[in-house]
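Here are my notes on the model, as numbered points. Please read them beside the structure.

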Amino acid sequence: VQLQASGGGLVQAGGSLRLSCAASGSIFRINAMGWYRQAPGKQRELVAITNGGSTNYADSVKGRFTISRDNTRNTVDLQMNSLKPEDTAVYSCNAVIKRNDYDPATDYWGKGTQVTVSS
């Protein structure tokens, strides 16, 4: 199983970026999919996550970021609007995946992508 992330880059404050992540490989079922970020000198934090019909966001991004998932394509996107300099971080996608019906679900991570917001 692999997670391939794309998007990210450099944007001015107030701008927008979209991150995309696609899961591929031997997948029986994907439970949760989400995005995390880690800024320099800080711990990794959850940005947004979707599981079943529910979504959760970090308080710092509520109203600005939107997570969306396409179960037919095994993808999860993160639309980031009204970006702030404090959103600067390496963003990584995560998926909790069952590869078959009998093994437990496992965490998988995509390669991080840099998001830099200039003031």
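**Notes on contacts and bridges**

1. Leaving aside neighbours within four places in sequence, Thr113 is in contact (heavy atoms within 4.5 Å) with Gly7, Gly8, Leu19, Ala89, Val90 and Tyr91. The side chain of Thr113 also reaches the backbone oxygen of Gly7 at 2.9 Å. Thr113 counts as buried because its relative accessibility is 13%; buried means under 20% relative accessible area, exposed over 50% and partly exposed in between (1.4 Å probe, protein chains only).

2. This is a predicted model, in which local features need pLDDT of at least 70 and side-chain atom pairs count only at pLDDT 80 or more, while totals for chains, interfaces and linings use all residues. Residues are numbered from 1 along each chain as its sequence is written, and side-chain values use heavy atoms, with hydrogens and water left out.

3. The count is 1 disulfide, taken as a pair of cysteine sulfur atoms within 2.5 Å. Cys21 is joined to Cys93, S to S 2.1 Å. The torsion about this S-S bond is about 50 degrees, so the disulfide is right-handed. Both Cys21 and Cys93 are buried.

4. The whole structure has 6 salt bridges, each a side-chain nitrogen of Lys or Arg within 4 Å of a carboxyl oxygen of Asp or Glu. One of them pairs Asp77 with Arg18 (3.1 Å, N to O). Asp77 is buried at 12% relative accessible area, whereas Arg18 is partly exposed at 42%.

5. Arg64 and Asp87 form a salt bridge at 2.7 Å, N to O. Arg64 and Asp87 are both buried. Salt bridges with shared partners join Arg37, Glu45, Arg64 and Asp87 into one network.

Note on methods
A polar contact is a pair of N or O atoms within 3.5 Å; within protein, one must be able to donate a hydrogen and the other to accept it, and residues adjacent in sequence count only if both atoms are side-chain atoms.
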